[in-house]
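Dear colleague,

I am handing over the structure below, and my notes on what was found in it follow. Please read them with the model open.

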Amino acid sequence: MKLMKKMMATSIVASFLGFTAGPVMADSLQDVMKARGLTEKDILAAAKTYTPTGGRDEFLAFSSGGQSGQVIVYGIPSMRILKYIGVFTPEPWQGYGFDDESKAVLAQGRIEGKDIVYGDTHHPALSETDGDSDGKFLFINDKANPRLAVIDLHDFETKQIVVNPFFRSEHGGAFVTPNTEYVMEATQYAAPYKGNSSVVSLNKFNDEFRGGLTYWKFDKEEGRIKPDASFTFEFPPYSQDLSDAGKGPSYGWGFTNSFCSERYVGGIEKGRPPYEAGCSSKDTDFLHVTNWKKASELVAAGKIGKKVNGSTLISMKEAVANDLFYLIPEPKSPHGVDVTPDGTKIIVAGKLDSHTWVYDWAKIQKAMADKKFESKDPYGVPIIAINDALDKSVAVGLGPLHNQFDSKKCIVYTSIYVDSMITKWDYCEGKVLDQLPIHYNVGHLMTMEGDTVSPQGKYLVALNKLAIDRFNPVGPLHPQNHQLIDISGDKMQLLYDMPIPLGEPHYVASIRASKLKPAIRYKSGTNSRTDKRSKWKTRAGREKIERSCDDAGKCTVHVYGTTIRSHITPETIEVTEGDTVSIHLTNLERAEDETHGFAMYAQNVQLSIEPGKTSSATFVADKPGVYPYYCTEFCSALHLEMQGYLLVRPKGFKEEGGLVEGQTYTKEDYDKQVKTNIKTQGVIDSVVGFITSHNYKDFPEVVALVEDATDQLGFAEDAKKKAADFAEKGDWNKAMGWANQWWQYQVKTADMGLRAKTYLEEHNAKKIK
Ligand code: CUK
Ligand code: CUA
């Protein structure tokens, strides 16, 4: 222990004086290229993606985490993973699904009374203002259990989960309208609407099974979806697929495609052809066109819609009667539907066709105005003839799936599943410009801010379904392969393969990193899931334990605790067998990245308490015993010592004896420690001298570090006084303990100070006196 202290003190001095040794460069670039078998093309690709230490990415990508029910955040062009965000699934690192606050969010996603602890996430969507990404919120859907989640990009935390009031599966979400007025969510597999469980026979498929499209109302101020202000279009039982919202001239409208408009019901076990055959017999399916703007006005005026399950349902009859709903034939078993950045065209990729079809919004509008329809579907929905809607169709390759737009006018990229390639083409001229093989079988593709009115170009990511031979094998289940492609020139250039080890990410949304303004800390005592002050917020020195019992003799213990480097207050919690224990911890830190964790033996407790946050863990102490707890984030040199005990006493337990000391100290020990502390103070003083003699106030990062160091130094002063008081009384054990605590605070101060000094040196701070 003493040796370790000495080593630490020495290293503080050494790093202050700048004794650092760097490696000697032995290799030349040519040597490395030769040794690793790299070509010049490889080196160029590396230079385009390599991000030197401390460097930042130009774009951030929010990838679906597929079956994991999470979101993956990574940087572009470095392709470095930055975070997994727990959404539909518990995520222990973040305490998501372990603290009371986030358990309440996951509970919103219960389906018909059941906890669902996975999600089949498909499409993330970033909030928009005037059709452009605004960096405020992220939405993502769960296909299997029709749900939608809201993530606040202020802290990258999931705030809300809503369950679709009608559907039993969905796919065409999340897609936002240009001012995030609504978030679209369309069904996939038709089913009787929820609450209609008496109808289960597939014989009634045509009459009782339904698809649909929900427009979830989003309140941007509050950052929450408003189910009672949302509405759902009843759709025929065609398997609706993806959606996109209109923009510019098509603002106010939504587009949702479909497959299996054959309404085939399968039955392979009865000798009937399987779904895959019955659902792909017709030459065309239907693009569903809905007017959400007019619908919202009519619903608000009480003219249409019926309140069902706390939300509004617009029947097909009402939608048709009010000119809110139309169908247009589209290529066989289509997949992606994407509105061009200027909102004038709608591009549909026909999975079983080798063409993409480009629809013209002006033509569609004219057909609607003239009430020129080729016919009606069996549900009375008007069908606009293909010739009255289509601008052109372009042969792009076998199995086109999805489209994304470039910053250059008229340029679109389409993923070609069967041919494993990306096709770059011009949708104004109807010309293919370039094709690039990818590895293998691409699903979605994504360009920078490619869903918005102003795509940023530069890069494209191909989300490939199969990796096969691209990475070191890790068993029969392979990682996903995201390939980064440079699209800044005329020819696409493949730059990088990135394995994704977490579910199948169907889609990714990207944003210019400078648009994001994530927080460093919470206002002290924040419940991060409600964004409000927690009722359990605790201030330094106000920590307490309260036990109360109801008339039936059920007792609850509330622990109002705090965490700060490097202790948890309280350090001993004593309860009685059978008590419900609620531990509420507020992290008193203000320093960047000073998160504390809190885990406890055998209680399934694991919290992540970021600076300012208040987190709670509630459990029943049903077994007498000793339960160690500790901090799970390596937060400081004395992190391992950030610990405590929960003691669960049997009823009627009588304590015997008092606390014993494991070690006794003398005046000599105390004096020696004080000497060390005074030496350490010398180091701190010179660091402070360096900082204050420079223009550190021009660097907010350094100002924050200095604030934190000043806090720590204040605590050191406190401990120093306590040590002196006990020394006066000749209580060398307590004097020694507080002298040690004094030194601990000094170490933390020095740590902050050295970080500030390094920062100033690296950023060429100016000497001011
Ligand atoms: S989907 Cu999976 S490749 Cu859910 Cu958008 Cu197309
Ligand atoms: Cu706090 Cu480790």
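Gly246 sits in the loop that joins strand 12 (239–245) to strand 13 (253–259); helices (H or I, at least four residues) and strands (E, at least two) are DSSP runs, numbered from the N terminus. With a relative accessibility of 0%, Gly246 counts as buried, where buried means under 20% relative accessible area, exposed over 50% and partly exposed in between (1.4 Å probe, protein chains only). Setting aside neighbours within four places in sequence, Gly246 is in contact (heavy atoms within 4.5 Å) with Pro178, Tyr251, Trp253, Phe255 and Val339. The C-alpha atoms of Gly246 and Ala591, 345 residues apart along the chain, are 44 Å from each other.

Conventions: this is a predicted model, in which local features need pLDDT of at least 70 and side-chain atom pairs count only at pLDDT 80 or more, while totals for chains, interfaces and linings use all residues. Residues are numbered from 1 along each chain as its sequence is written, chains are lettered from A and ligands numbered from 1 in the order in which they are written, and side-chain values use heavy atoms, with hydrogens and water left out.

Overall figures. The protein has 769 residues, of which 55% are buried. Its secondary structure comes to 12 helices and 44 strands, and its C-alpha atoms fill a box of roughly 100 × 80 × 50 Å along the principal axes. Of the contacts with a separation of 6 or more, 64% are between residues 24 or more positions apart.

Cores. A nonpolar core is a set of buried Ala, Val, Leu, Ile, Met, Phe, Trp, Tyr and Cys residues joined through side-chain atoms within 4.5 Å. The largest one has 46 residues, and Phe233, Phe255, Val289, Tyr359 and Ile364 have the most contacts inside it. Another core, of 23 residues, lies apart from it and includes Val605, Tyr629, Cys631 and Cys635.

Ligand 1. Which residues are around ligand 1? They are His122, His123, His171, Leu242, His335, His402, Gly443, His444, Lys465 and His506, each with a heavy atom within 4 Å of the ligand. Strand 4 (121–129) and strand 28 (442–448) are the elements that give two or more residues to this shell. By class, the shell holds 1 nonpolar, 8 polar and 1 charged; Ala, Val, Leu, Ile, Met, Phe, Trp, Tyr, Cys and Pro count as nonpolar, Asp, Glu, Lys and Arg as charged, and the others, Gly among them, as polar.

Ser615 and His584. Ser615 belongs to strand 42 (residues 614–620) and His584 to strand 39 (residues 580–587). Ser615 is buried because its relative accessible area is 1%, and His584 is buried with a relative accessible area of 1%. Beyond four places in sequence, Ser615 touches residues including Asp99, Glu101, Ile583 and His584.

Asp531. This residue is in the loop between strand 33 (526–527) and strand 34 (532–533). Asp531 is partly exposed, as its relative accessible area is 37%. Its contacts, leaving aside neighbours within four places in sequence, are Asp152, Lys159, Arg224 and Thr526.

Regards
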